[in-house]
Amino acid sequence: MLMKRRRSIEACHKMPTQKNSTTVKNRLFQALLVFFIFVLFAFVFSALAHIVWKGLAGMAQSIASKEIQFAIRLSLFTSFTSTLICVFFAIPVAYGLERFNFPGRRLVSVILDIPLSLPPLVCGVALLLLLGTTSFGQSLAEHGLRFIFSVNGIILAQFFIITPYMVRVLKSTIADINPRLEFVARTLGCSQWQAFYKITLPLAKNGIIAGLVISWARAIGEFGCTLMVAGATRMVTETLPVALYLNMSIGNLEMAMASATCLIIISLISLFVFEIVGGKQSPASRMS
Amino acid sequence: MIRLCNVSKSLGDFRLKNINLSIEDNEYFVILGPTGTGKTVILEVIAGMYKPDQGEVWLNDRNVTTQYPESRHIGFVYQDYMLFPHLNVQENILFALKLKNTPTIIMKQKLERMTTLLNIGQLLQRYPATLSGGEQQRVAIARALVAEPEVLLLDEPLSALDPRSKEVFQQELKNIHEQIKTTTIHITHDFNEALVLADRMGITRNGEIVQVGSPEEVFQKPQSQFVAEFVGMDNIFSGDLSNEGDVKYVHIGSVRLRVVSNLAGKVRVAIRSEDIIIAEDKLSSSAQNIIPARIIEIIPRGPFFKVVLDADIPLVALVTRQAIDKMKLEPGKNVWAFFKTTAVHVF
């Protein structure tokens, strides 16, 4: 007992020096973290703030221009349309892939994920070749569905790029909802459709909204795939990113920055909404 | 009536092997087994969540093996309740009735019946996330019963409750079953629950049902070492319960045991062999039941010894080798058997 106490007193005496050295180490580590965070933050922030600052200055003038107005309208129209079509496909696809076990499910899942990791330019070339050079594409065109170098092409390109994202978000949302909830609903008399519609769909609401927002933001910023399929024709297939590209290439910096500012504002809003809605999954619906 | 004929089901590493089971109308059947022996899968096969790989499931003379869950008329209550989190209590309970477009008046009557039966009238407007485990359990049972299922399946309904609520709710389950008489299968790993609730019970082990019978049969005549060790009940008797003042006694022949119970009349009592203490003298202790006995035989059982006593009723106590050596226990010796009031399970 006495020995123990003496030892602890000794330890107390030793403490200050030891404490100092660990404190210094910890402080150093913390300072290092702060440094890295600061460098990255300063880099990203200054790049964005600079362009927004410059862009906002000439914004009023640019927005008055027919070209930017056209680009904003076309971007809104195409992105809303493609996002709607996307969610219409993504919900059943995500649900089917998550809840039903069929042969080849993994393979289908992986193939649907490929566009996520491909450069959009490659997706664009693939679509262009499918629709422009095959008899499938030609017969579609003969029936009035022309995609190449048209507004339809923009929508198709955006759809192709954003749907894998949407399917991913929805798959993880649905995976978080315990399938036993649906099963209990089935024992209470629901058909498969009713169990989906009355239980899983309302519980997936937040995930669907989050998916919509993030897909829409991607759609509005889509460039590479759109460029390949629909081309970059002034006042015809000129979405905001295309306007940015065209104006940049002829040295009209002001217009370019105005388009960029619009895109930055849109992505800020969507990120914000995503953060709010995405973090609000009801815990009771999660798999335990 | 529920009948499982040669049902087998593989699910990942788990296998349900050749289950044969027949459960009578209005019966309260308990499936008892250690955790991870596939008890839940049996229920899910009956309810139609999984199709069996082999065998048939019959409900009241309908072969439902290939039927969808929605056409089986089954009430299912999961261990973690599975209340619909986006619906309030009332909407949860009325879910099945609304699906069938039941007239409002009838819905109201049935809702009232359920809320009285389960005592949840004050919860109707609340959402599941705001309810305690016990409350969620009641709502889940109400939701299952309101559809008037032919069969009620309860998956470890008491295991998530604290010991106090568990005891209360156990009694309530018994009362509810006496009122509505729906054929019920109840799954548990707790032999006390089985003892109190079961008309008959089945013991599972590694995806098989190894013994079926009344609690008395299973506890008294375990057909395998596994069952014997799992249920661990050597002492089961029938007797009459009577009050003497505030104190309750069960009379078994000439022996009178002090008990705690709110039953009356003909009852069964069970005492675990490890709860019985053997002493050479009539010591004073907190144990309320002290009866004289004579040692009949001493049988080794694993690391312990089973001491069979004659106390007008046959008692079995479980003791260690050291105790036997120290007290020089041997057949023919007169001793005293001690056990606490709470060690006597009345059912």
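Author: Two residues are in contact if their C-beta atoms, placed from the backbone, lie within 7 Å. The model is a predicted one.

Reader: Which helices and how many strands make up the secondary structure of chain A?
Author: Read along the sequence, chain A runs α-α-α-α-α-α-α-α-α-α-α-α. Its secondary structure comes to 12 helices and zero strands.

Reader: What percentage of the contacts in chain A between residues at least 6 apart in sequence join residues at least 24 apart?
Author: Chain A has 288 residues, of which 36% count as buried. Of the contacts between its residues at least 6 apart in sequence, the share that joins residues at least 24 apart is 78%.

Reader: At what angle do the axes of α6(A) and α9(A) cross?
Author: Two packed helices are described by the angle between their axes and the distance between the axes. The axes of α6(A) and α9(A), the latter covering residues 205–221, come within 9 Å, and the angle at which they cross is roughly 160°. Angles over 145 degrees count as roughly antiparallel, and therefore α6(A) is roughly antiparallel to α9(A). The crossing is right-handed, at an angle of roughly 160°.

Reader: Which residues of α9(A) meet α6(A)?
Author: From α6(A) the contact takes A:Gln158, A:Ile161, A:Ile162, A:Tyr165, A:Met166, A:Val169, A:Leu170 and A:Thr173. The residues of this contact divide into 10 nonpolar, five polar and one charged. On the side of α9(A), the residues are A:Gly207, A:Ile208, A:Ala210, A:Gly211, A:Ile214, A:Ser215, A:Arg218 and A:Ala219.

Reader: Is α2(A) oblique or roughly antiparallel to α9(A)?
Author: Helix α2 of chain A, residues 66–99, packs with α9(A) at an angle of about 135°, and their axes are 9 Å apart. The crossing of the two helices is right-handed. The angle of about 135° means that α2(A) is, relative to α9(A), oblique.

Reader: How many charged residues are in the contact of α7(A) with α8(A)?
Author: The two helices pack at an angle of about 135° with their axes 9 Å apart, which makes α7(A) oblique to α8(A). A:Leu181, A:Glu182, A:Ala185 and A:Arg186 of α7(A) meet A:Ala195, A:Lys198, A:Ile199 and A:Thr200 of α8(A). The residues of this contact comprise four nonpolar, one polar and, as charged residues, three.

Reader: Which element gives the most to the side of chain A that touches chain B?
Author: The contact between the chains takes 19 residues from chain A and 20 residues from chain B. On the side of chain A, the elements that give two or more residues are α7 (179–187) and α8 (192–203). That side divides into nine nonpolar, eight polar and two charged residues. The element that gives the most, with six residues, is α7(A).

Reader: How many of the eight residues of α5(A) are buried?
Author: Helix α5 of chain A covers residues 135–142 and is hardly covered. It is followed by A:Gly144, whose phi is positive, near 95°. The count of buried residues in α5(A) is zero.

Reader: Is A:Phe149 buried or partly exposed?
Author: A:Phe149 lies in the loop between α5 and α6 of chain A. Its phi is positive, about 55°, although it is not a glycine. A residue is buried if 20 or more other C-beta atoms lie within 10 Å of its own. Because A:Phe149 has 17 C-beta neighbours inside 10 Å, it counts as partly exposed.

Reader: Is B:Met82 buried or partly exposed?
Author: B:Met82 is in the loop between β6 (74–77) and α2 (89–93) of chain B. B:Met82 also has a positive phi of about 55° and is not a glycine. Because 26 C-beta neighbours lie inside 10 Å, B:Met82 counts as buried.

Terms used:
Residues are numbered from 1 along each chain as its sequence is written. Chains are lettered from A and ligands numbered from 1 in the order in which they are written. This is a predicted model: local features need pLDDT of at least 70, side-chain atom pairs count only at pLDDT 80 or more; totals for chains, interfaces and linings use all residues. Helices (H or I, at least four residues) and strands (E, at least two) are DSSP runs, numbered from the N terminus. A residue is buried if 20 or more other C-beta atoms lie within 10 Å of its own, exposed if 12 or fewer, and partly exposed in between; C-beta atoms are placed from the backbone. Ala, Val, Leu, Ile, Met, Phe, Trp, Tyr, Cys and Pro count as nonpolar, Asp, Glu, Lys and Arg as charged, and the others, Gly among them, as polar. Axes are lines fitted to C-alpha atoms, for helices over the stretch in contact, and angles run from 0 to 180 degrees between N-to-C directions. Angles under 35 degrees count as roughly parallel, over 145 as roughly antiparallel, 65 to 115 as roughly perpendicular and the rest as oblique. A crossing is left-handed if the near helix is turned anticlockwise from the far one by less than a right angle, and right-handed if clockwise.
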